[in-house]
Amino acid sequence: MTNTDYQPIGNYGLIGNLHTVALVSIQGSIDFMCFTRFDSPTIFASILDADKGGFFDIKPQLDDVDYKQMYLPDTAVLLTRSLSEEGVAEITDFMPVKTTEENCALVRSVVVTRGKIPFRMSCQPRFDYARAEHSVDGTKHEVTFTSKSEPVLSFRLICDVPLVIDGKDVYAEFTLAEKETAHFVIESATGDKQQSVKKALHHYTVDDFEKTLNFWKNWIGKSKYNGRWHEMVSRSAITLKLLTSCEFGSMVAAPTFGLPSVIGGSRNWDYRYTWVRDSAFAMYAFIRLGFMEEAAAFMNWIGKEMATIEQHQGTLQLMYTIDGEEEMPEKVLTNLAGYRQSSPVRVGNAAYDQFQLDIFGELMDSIYLYDKFHGAITWSFWQHVERQIEFVCNNWQRPDHGIWEVRGKQCEFLQSRLMCWVALDRAIKVVEHRSFPSPLERWRSVRDQIYRTIYEEFWSEEKQSFVQYKGSDILDASALLMPLVRFINPKEPRWLSTLEAIERELVSDSLVYRYRLDSGASDGLDGEEGTFSMCSFWYIECLSRSGQVEKARLLFDKMLGYANHLGLFAEQLGRRGQQLGNFPQAFTHLGLISAAYDLNRRLDSFPEF
């Protein structure tokens, strides 16, 4: 196995059904898919081990082929094109959107638009993160794969070209002339009587295809955003929707695990869980775009979590599984080599039991916005929230692991203090709006105490900047949130000098490092990471708010130039502008939406020459 067996992380498109997703490479191979839920074990994971991970590939048997990908407009239906002198072929990939996890399906249709092209389809599933053996049984047009692990998982592959069973894999070789098609569907096998192959293929490729197109067009059609960069904002919104569970209302931070922020390094985490922070920020984006149903679903999810933890006198933790479980034990998959030998490959996330104070601020801000624009905060819901605010009042001075989830020493982080201030400030606003009987005088007193503490104890005269944690002289990009959450006026001298200091130490054109690993809070790991794309969008929004609108506009367009060919972003960018880390990353896309929204609004107030 060599690094050439791996596509760049950015060479993938995303399809999904609001319960799970699949990554489709620009060459038409499905190299990652958890089946049948975001946090289920994989059945395809060759992106994490080219030899052992498993894949589902449809490839033209031609020597010289160029590949291109696009989404059908305003949808999550992906089109992969193969172009050669001999002809042109297209693969259409989608997953029918369903309200329940059952009957998960993936549909692949091949058509030749010019010439006559031979193809080879290869379906090589590897169950349970490639740890479980499986059996294969079937006929010429229908094959069932069944795992030999517990719990047993089974799916069937149906198609309209002859299949050949080869050990534990299945392949098909076929030739299509111009306008001829071939269809392949994998669907979860259930105890229900299944349709015949012919009826099922028609159902998936005609009925479900039309329903899926209409679902996505109708959904994005509800967006209230009509400003500049409309296509990129819409693509980011669809991406966030793809990462949101239809069943639970929660959102995964990213749909993948193990994709490295340092190629060959060990910063390889599992992001298939619901971070309160990320989800709350995503609610800002949904609310701004007018998607109140998604905001309401998340509020229902977080309300259930708060009600549950009160039964054992607890407080919110920073992350949960998508169905609200509290534990995500971290394990190493020693059987997988990792993306380009980036190991260890981890599933689960040990950060779940970290103490992170900032989550209360992000959550409270989303509740405030939801109440302001939707008007649906009830007294019974607020009583749960109030207990969390009281926790903030009593614990805001504690050191924690912070937004970057450092696995070393806890510190008194600026961003954690900042978001404690936000939690109290927005709680006060909700109470004033709703006239709830909450202890406003106490909350105002603590809020103001936090403000003074930040302003006086987290300021460095030498750096002329706010610093990462109390007593340090380290700069941190999370300080960019200060004007974005309205803690400080974006034109105040103390903030402008902070912005200048961040530009000197953390910014490279439009790219922003979260902080310098050699001097900031230690994450306990070696190696230099890339720039954080969400920090770039924070920086751009700060420029916009500070009045540097034209500079912000130029840098925003430059950042859009770093997106992959489909408008998708991972967590980070490498030195050559390559996507790094889990992909696509919700935080990056919601940052893009926020920056576009603010910048567009300010450009409308400035005359364009």
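This is a predicted model: local features need pLDDT of at least 70, side-chain atom pairs count only at pLDDT 80 or more; totals for chains, interfaces and linings use all residues.
Okay, before anything else, one term: a pocket here is an open set of grid points with protein on both sides within 12 Å along at least five of seven lines, and its lining residues have an atom within 4 Å of a point.

The largest pocket holds about 630 Å³ of space. Which helices each supply at least two residues of its lining? That would be α4 (276-289), α6, α8 (414-434), α10 (481-484), α12 (533-545) and α14 (586-604). In total 27 residues line this pocket, and if you want to find its centre on the screen, look for Y284, R288, L369, R486 and R545, which lie nearest to it. Sorted by class, the lining of the largest pocket has 14 nonpolar, 3 polar and 10 charged residues.

Let me stop at one of those helices, α12. It's 13 residues long, and from first C-alpha to last α12 reaches 19 Å, close to the 18 Å expected at 1.5 Å a residue. Is α12 mostly covered or mostly open? Mostly covered: 13 of its 13 residues are buried. After α12 comes G547, which has a positive phi, near 100°.

Now let's go to the closed spaces. How many cavities of 30 Å³ or more does the structure hold? There are 3. The largest cavity has a volume of about 420 Å³. Its lining is made of 26 residues, with W269, Y271, W404, E405 and E571 nearest the centre. By class, that lining divides into 11 nonpolar, 6 polar and 9 charged residues.

Next, the second largest cavity, which comes to about 40 Å³. The residues lining it are M306, L316, F360, L363, M364, I367, V385, Q388 and I389. Two elements give two or more residues to that lining, namely α6 (359-374) and α7 (379-395). Of these, α6 gives the most, with 4 residues. What about the classes in this lining? You get 8 nonpolar, 1 polar and no charged residues.

Let's zoom out to the chain. Its secondary structure comes to 14 helices and 27 strands. The radius of gyration is 25 Å, close to the 25 Å that the globule rule gives for 609 residues, so the chain is as compact as a globular protein of that length. Along the principal axes, the C-alpha atoms fill a box of roughly 75 × 55 × 45 Å. Of the 609 residues, 63% count as buried. And if you take contacts between residues at least 6 apart in sequence, 67% of them join residues at least 24 apart.

You'll find T453 in helix α9 (residues 440-457). Is T453 buried or exposed? With a relative accessible area of 12%, T453 is buried, because the cut-off for that is under 20%. Leaving out residues up to four places away in sequence, T453 touches W396 and F458. For a sense of scale, pick Q27 as well: T453 and Q27 are 426 residues apart along the chain, and their C-alpha atoms are separated by 54 Å.

How values were computed:
Residues are numbered from 1 along each chain as its sequence is written. Side-chain values use heavy atoms; hydrogens and water are left out. On a 1 Å grid over the protein atoms alone, a cavity is a set of points where a 1.4 Å probe fits but cannot get out, and a pocket is an open set with protein on both sides within 12 Å along at least five of seven lines; lining residues have an atom within 4 Å of a point. Grid points are joined across faces, edges and corners, and a volume is the space filled by probe spheres set on the points. Ala, Val, Leu, Ile, Met, Phe, Trp, Tyr, Cys and Pro count as nonpolar, Asp, Glu, Lys and Arg as charged, and the others, Gly among them, as polar. The expected span of a helix is 1.5 Å times one less than its number of residues. Buried means under 20% relative accessible area, exposed over 50%, partly exposed in between (1.4 Å probe, protein chains only). The radius of gyration is taken over C-alpha atoms; the globule rule is 2.2 Å times the number of residues to the power 0.38. Contact means heavy atoms within 4.5 Å.
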